[in-house]
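Look at the structure first, then read on.

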2 protein chains.
Amino acid sequence: MNSTEFRKMGKEMVDYIADYLDRIEERPVLPEVEPGYLRPLIPDSAPAKPEKFEDVMEDIERVIMPGVTHWHSPYFFAYFPTGSSYPSFLADMLSSAIGCVGFSWAASPACTELETVMLDWLGNMINLPEDFLAKNGEGGGVIQGSASEATLVALLAARMKTIKRLQSENPELTEASILSKLVAYSSDQAHSSVERAGLIGAVKMKTIPSDNSFSVGGAALKQALEEDKAAGLIPFFFCATLGTTPSCGFDRLLELGPICNEENLWLHIDAAYAGSAFICPEFRHLLNGVEFADSFNFNPHKWLLVVFDCSTMWVKNRADLIGAFKMDPLYLKHDHQESGLITDYRHWQIPLGRRFRSLKMWFVFRMYGVKGLQEHIRKHVRLAHEFEELVRKDEQFEICAEVILGLVCFRLKGSNRLNEALLKNINDARKIHLVPCHLGDKFVLRFAVCSRIVESRHIQDAWAHITKTAVKLLRHEVLQQK
Amino acid sequence: MNSTEFRKMGKEMVDYIADYLDRIEERPVLPEVEPGYLRPLIPDSAPAKPEKFEDVMEDIERVIMPGVTHWHSPYFFAYFPTGSSYPSFLADMLSSAIGCVGFSWAASPACTELETVMLDWLGNMINLPEDFLAKNGEGGGVIQGSASEATLVALLAARMKTIKRLQSENPELTEASILSKLVAYSSDQAHSSVERAGLIGAVKMKTIPSDNSFSVGGAALKQALEEDKAAGLIPFFFCATLGTTPSCGFDRLLELGPICNEENLWLHIDAAYAGSAFICPEFRHLLNGVEFADSFNFNPHKWLLVVFDCSTMWVKNRADLIGAFKMDPLYLKHDHQESGLITDYRHWQIPLGRRFRSLKMWFVFRMYGVKGLQEHIRKHVRLAHEFEELVRKDEQFEICAEVILGLVCFRLKGSNRLNEALLKNINDARKIHLVPCHLGDKFVLRFAVCSRIVESRHIQDAWAHITKTAVKLLRHEVLQQK
């Protein structure tokens, strides 16, 4: 394909995308396919000769769309949002075309420098302490692929820092003996990727019990630390969550932070979903205590309209990250690297290669403006409260956790079995999509406001559908009991 | 921005991209900026109100392009190629718009299923043993973000498998005691990401000396194994490289494979660059011995015209990968997951989230056809030999490693200092871009054929420029010696 053909086909693709998103509401949010549906629809092997673009495009509707879960449908209320916006699409097109692999400053200075400055912009937008900004001192930000990677990178940096510290205090200690005693902590509400980070990093990972608002407080952490230290273990890392996946709970940073600082625990904050809300002054208080943290992460690719992937992470001391990873083979060396002025992001992350992802932030920030982004967040929170009100007015249902941002946890009063059946019936109808969680021993339905284009009428529709499904289910139950 | 605006702006971006790539040759391949150049060019913080698209686009040329290293210029001969093609751009646009996060089958069945089938297509294209294909039995393929991640995932799977095996043989062994004795191996020519995988996984990583063709053979591995076993260590993993970064050397799989199998070492093959060449029957012999491997990886985002990121990895036994990572919180569970029919790719990788990357493979394979892709590989190999001939005809220069694919390692006969000066002068002129390597104790220049649009005339130009720079340098040296 030459550039003349690309000019034509690229424009057709732009129209296809606009059409898809303009009419996404008309598609069932969940696909009606069985496992293995796709393989019989396409040939067994790649064609020897080129096929036409028209044939490929026709197959999008024939092969792909029947199997797509439409995450951007206004009837999608599952998981958490994933970012989607036209400015981020435009930026990502440009990123593909430039196609530089920005593992070092020299490999594409613009790629590194725009990232550094965009992380400062975003840090300012959420009023992050200046320690975390590149402009002032020893901190700085980086784009990771996902919050999972950010947690892992923080844990690895903490592991290395702790090993070095203990070995400098006592040179006879072996790395293996320290490693076998290291213990990391998170809330019992933390995301599964935190436990996974411990598994990858070969350290013990313990969960701290959350209280009845699904938050971890200082006393619970303190107790675990005392027990573990008494047993000869070495606590080194705590991952706090702001906006847990099950219920959007918030760990109590103002209690936890001072304990972590006193006890030499690296404090990492995972605010994957909730972090975007901190651009609104009325939600910024939820981040209070970040000043105690060593690293902080959230996902603009979740709630800040940036298309996946773009997970922003800041550290107070960049030397900690770099120290955990730095390798310098000759083929990656360049003139400027010892100048202290530049950043080689390959030392900040698990992969070597990286796309020019900061373009997405730049385009989105500029074409929405901070106010436009705040409106987006506020609309979602408003709609969540609208849904909450509907639930509260219906005495068959109960709200299961405080609604703070865009997530509502609710259930039918009654058994878990009943709620499992309700969820199954809702999803089987394919009109809206929800996923569940456990809160305590309760099976709970999660209603997350997700789509960029969701409006009040979709919330009202969704609630009407949920109640209709519930009534049908309850009637069926009553009949069965007779 | 609404969809009407996107239709207009998206089409302008398509034209900008086509213009950029049509005229990329006219831009200096290396930027002339100093560290810190970008920050003063843009405001200190994000705008409160939306800015116009026109203003953002103008800043591309003003702010970004002056700092871009043009990886797709036909004068870029550094590192290894990174994929770029119009069909992959189109597919990635669609991937952004669909914007599903395919961590499980249910989260978007098409995303998972197309990936599984595309990995089978590509496996067939390189004639991978059927054990590695999803269609037949227990193997299968997955798209990772980078070869670094593939190596790490393989190492972690091997670590877990070995710990489980030893504990089943001797239940009294603790994980910590096993971990402290595990030892992994790679060639001394292996990529820095292999050493890094060992660091992350908290296992010893030793390098095996390569021979004078920069390959590791069976005898060298055997010797290391005997020594380490005698010292009480537990060898568990070998990462073989096909197409090393310094010289495109190939480890001797036919010798190494049987040893790994006998000694219970997980054999992972990193063919990040070279793997794409195996779609050509005349290069497929370089992969002989893959039948001994547990996992195999290469990067279609390097040499197969797929835009970053797309690193394909196959395993013989998918249960080994899944076993190393599997976590199943309720919010990620779905109806089909225990059916045995489906794949939840989140268990195969480090991050949880993932883009719909297989669309890029599907578009590229169909719009180039296998023959089109083979032509692309063959053109690069032909041009590398054309450059090799130019070097060989000039008695001032020497070729430093056998030219097998698209990389030529060469140097001026003489000191390392001379060659360092030559490289610096070449890159300072910004007409072409090369990076160096060490082969033995020699400082060597790497000439990698990279661009999709590179032709014979660019090779001839590059050589003319190199020789002119060398003559100037030699004249200067002679003058200084007087």
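**Questions on the model**

Q: Is B:Asn299 buried or exposed?
A: B:Asn299 has a relative accessible area of 1%. Buried means under 20% relative accessible area, exposed over 50%, and partly exposed in between, with a 1.4 Å probe and protein chains only. B:Asn299 is therefore buried.

This is a predicted model: local features need pLDDT of at least 70, side-chain atom pairs count only at pLDDT 80 or more, and totals for chains, interfaces and linings use all residues. Residues are numbered from 1 along each chain as its sequence is written, chains are lettered from A and ligands numbered from 1 in the order in which they are written, and side-chain values use heavy atoms, with hydrogens and water left out.

Q: Where does B:Asn299 lie?
A: Helices (H or I, at least four residues) and strands (E, at least two) are DSSP runs, numbered from the N terminus. B:Asn299 touches B:Ser146, B:Ala147, B:Ala272, B:Ser276, B:Cys310 and B:Ser311, leaving aside neighbours within four places in sequence; contact means heavy atoms within 4.5 Å. Its place is the loop between strand E6 (295-298) and helix H10 (300-303) of chain B.

Q: Which residue does UniProt list as "modified residue: N6-(pyridoxal phosphate)lysine"?
A: The record is an unreviewed entry; its positions follow the numbering used here, feature names are shortened, and annotations may be inferred rather than shown by experiment. The listed residue lies in helix H10 (residues 300-303) of chain A. UniProt names A:Lys302.

Q: Which residue of E6(A) stands opposite A:Ile269?
A: Strand E5 (residues 266-270) of chain A and E6(A) pair in the parallel sense over three bridges; two strands pair if DSSP finds at least two bridges between them. A:Ser295 and A:Asn297 point one way from E6(A), A:Phe296 and A:Phe298 the other way, and all are buried. The residue opposite A:Ile269 is A:Phe296.

Q: In E7(A), what is the bridge partner of A:Phe298?
A: E6(A) and strand E7 (residues 311-315) of chain A run antiparallel. Four bridges join them. The partner of A:Phe298 is A:Thr312.

Q: What is the order of strands in the open sheet of four strands?
A: The pairing in this sheet of chain A is antiparallel. Its edge strands are E8 (397-399) and E10 (435-439), and each pairs on one side only. The order is E8-E9-E11-E10.

Q: Why is the pair of A:Phe387 and A:Phe447 stacked?
A: Rings of Phe, Tyr and Trp (its six-membered ring) pair if their centres lie within 6.5 Å; planes under 30 degrees apart count as stacked, over 60 as edge-to-face and the rest as tilted. These two rings have their centres 3.6 Å apart. The pair is stacked because the planes stand at 5°.

Q: What kind of aromatic pair do A:Phe387 and A:Trp463 form?
A: A:Phe387 lies in helix H12 and A:Trp463 in helix H14 of chain A, so the pair ties together parts that are 76 residues apart in sequence. A:Trp463 counts as buried at 8% relative accessibility. The centres are 5.5 Å apart and the planes at 90°, which is edge-to-face.

Q: By what turn can chain A be laid on chain B?
A: Copies are superposed by least squares on the C-alpha atoms of residues with pLDDT of at least 70 in both. The RMSD is 0.0 Å and the shift along the axis is 0.0 Å. The copies are thus related as by a two-fold rotation axis. The turn is 180°.
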